[in-house]
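Welcome, and please open the model in your viewer with the sequence panel beside it. We will go from one selection to the next and look at what is there.

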Amino acid sequence: MRTITTTEELAAFCDQAKDQPYVTVDTEFLRERTYYSKLCLIQLALPGKDDTDAVLVDPLVDGLSLAPLVDLFRNESVVKVFHAARQDLEIFFIDEKVIPSPLFDTQVAAMVCGFGEQVGYETLVRKIAKQSLDKNARFTDWSRRPLTDAQKKYALADVTHLRQIYEFLAKKLKDSGRAHWVQEELGVLTSPDTYVTHPEEAWKRVKTRSNSPRFLAILRELATFRETYAQSRNIPRNRVFKDDALVELASTKPANMQDLGRSRLLLREARKGEIADGILKAVADGLACPKENLPEPDTSRDKLQVNPALADLLRVLLKAKTEHSGVASKLIAPAADLDAIAAGLRNVPALTGWRLEVFGDDALRLCDGRIALAAKGSSVEVIEL
């Protein structure tokens, strides 16, 4: 189990990788105590059937530069293969300002190839590579050194089996003509906007039952302060204050330290100092927000006039298309999309891209009365009208 600890060693491996069709990649990181993930280990493997072409890269070693790996990530002749790549890509984008290209995500490909929704790596190893994984090292502290042999073995398995999984899925996509489906799905993962957090937008992730514009204005200011504070100190946002406390503060509107002390949900550390001052200012700013700048929640779908019979028919059609294509139904069209279509909306994901090809075209024809559905044994058939 070879571990790279110098820039020269990493450069030599990346030079070797430049002559290969692909390289498999994974990372180990910690995020429990920080806002941004702390990269602790990088695993890389070149095509082959053993572990001789697989390495561990230790980014915690002083003096090690990841520049050779960044250059490899930008090399368009080598496919970079990940499984469930989002968090890995976020780390490389935040730390190195690079998004690997071209990219292949085996989780996305597996969903398109009929392995279900958000299929796990362990499942693919078992079904495709016919191997089992030892997951005992999964939740260890990857920042501690030296790494144990068990940790190294676990980490390498995340890229060595990935080679066989990639080759299997890539062939299946080519044979089925679905490779462009995967490329469409990767659009979000390869967009830099996916990994940029705007504090002023943080309030939209907070679950609340109130749509009062003034309440939402206070919520927005509190969430903005929390996000900015957490980013600047690289601590988890929940260490500042949790969502339930945020909603409570937006409701109670504390005006001074005494009011703040009455909070049931606020952490003790947040009742004084910079956090307390930030909370009070955020509440005051929310209360003072001009009416024209108050946030307006998206209620466009709350008032939809859904045709329940049509929605049920769309669900039957989706089930038939799912069985025929082997693609998970939630990947094609979640329930909210079906209701939106049944209410007359057409700007929904289920009616775009490859989903239009698999489901959307017939869904529109069903809505227009140009096709009907008929039961035939245990299956459903589309009947032209």
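Which residue just after helix 15 takes a positive phi? Select Gly344: its phi is about 100°. Helices here are DSSP runs of H or I with at least four residues, strands are E runs of at least two, and both are numbered from the N terminus.

Before moving on, a word on the ground rules. This is a predicted model, so local features need pLDDT of at least 70 and side-chain atom pairs count only at pLDDT 80 or more, while totals for chains, interfaces and linings use all residues. Residues are numbered from 1 along each chain as its sequence is written, and side-chain values use heavy atoms, with hydrogens and water left out.

**Stop 1**

Contact, here and below, means heavy atoms within 4.5 Å.

Next, pick Ser325, which is in helix 13. Is Ser325 buried or exposed? Ser325 counts as buried because its relative accessibility is 11%. A polar atom of its side chain lies 3.3 Å from the backbone nitrogen of Val327. This is a polar contact: a pair of N or O atoms within 3.5 Å, where, within protein, one must be able to donate a hydrogen and the other to accept it, and residues adjacent in sequence count only if both atoms are side-chain atoms. Leaving out residues up to four places away in sequence, Ser325 touches Arg178, Ile332 and Val358.

**Stop 2: helix 6**

Select residues 149-176 for helix 6. How far apart are its end C-alpha atoms? They are 41 Å apart, which agrees with the 40 Å that 28 residues should span at 1.5 Å a residue; the expected span is 1.5 Å times one less than the number of residues. Centre the view on Leu162 to find a kink of about 30°, where the bend at a residue is the angle between axes fitted to the seven residues ending there and the seven starting there. Just after the helix, Gly177 has a positive phi of about 70°.

**Stop 3: His83**

His83 sits in the loop between strand 5 (79-82) and helix 3 (86-96), and it is buried because its relative accessible area is 12%. Draw two distances from polar atoms of the His83 side chain: 3.4 Å to the backbone nitrogen of Gln107, and 3.3 Å to the backbone oxygen of Val119.

**Stop 4**

Select residues 38-45, which form strand 3. Seven of its eight residues are buried. Strand 2 (residues 22-30) pairs with strand 3 in the antiparallel sense over seven bridges; strands count as paired if DSSP finds at least two bridges between them.

**Stop 5: salt bridges**

How many salt bridges does the count come to? The count is 21, a salt bridge being a side-chain nitrogen of Lys or Arg within 4 Å of a carboxyl oxygen of Asp or Glu.

- Asp58 and Arg145: their side chains meet at 2.9 Å, N to O. The two are 87 residues apart, with Asp58 in the loop between strand 4 and helix 2 (67-73) and Arg145 in the loop between helix 5 (121-129) and helix 6. Asp58 is buried at 8%, whereas Arg145 is partly exposed at 33%.
- Arg237 and Glu227: the N to O distance is 2.7 Å. Arg237 lies in helix 9 (residues 237-240) and Glu227 in helix 8 (residues 213-233), so the pair ties together parts ten residues apart in sequence. Glu227 is buried at 0% relative accessibility.
- Lys321, Asp362, Arg365 and Glu384: select these together to see a network of salt bridges.

How values were computed
Buried means under 20% relative accessible area, exposed over 50%, partly exposed in between (1.4 Å probe, protein chains only).
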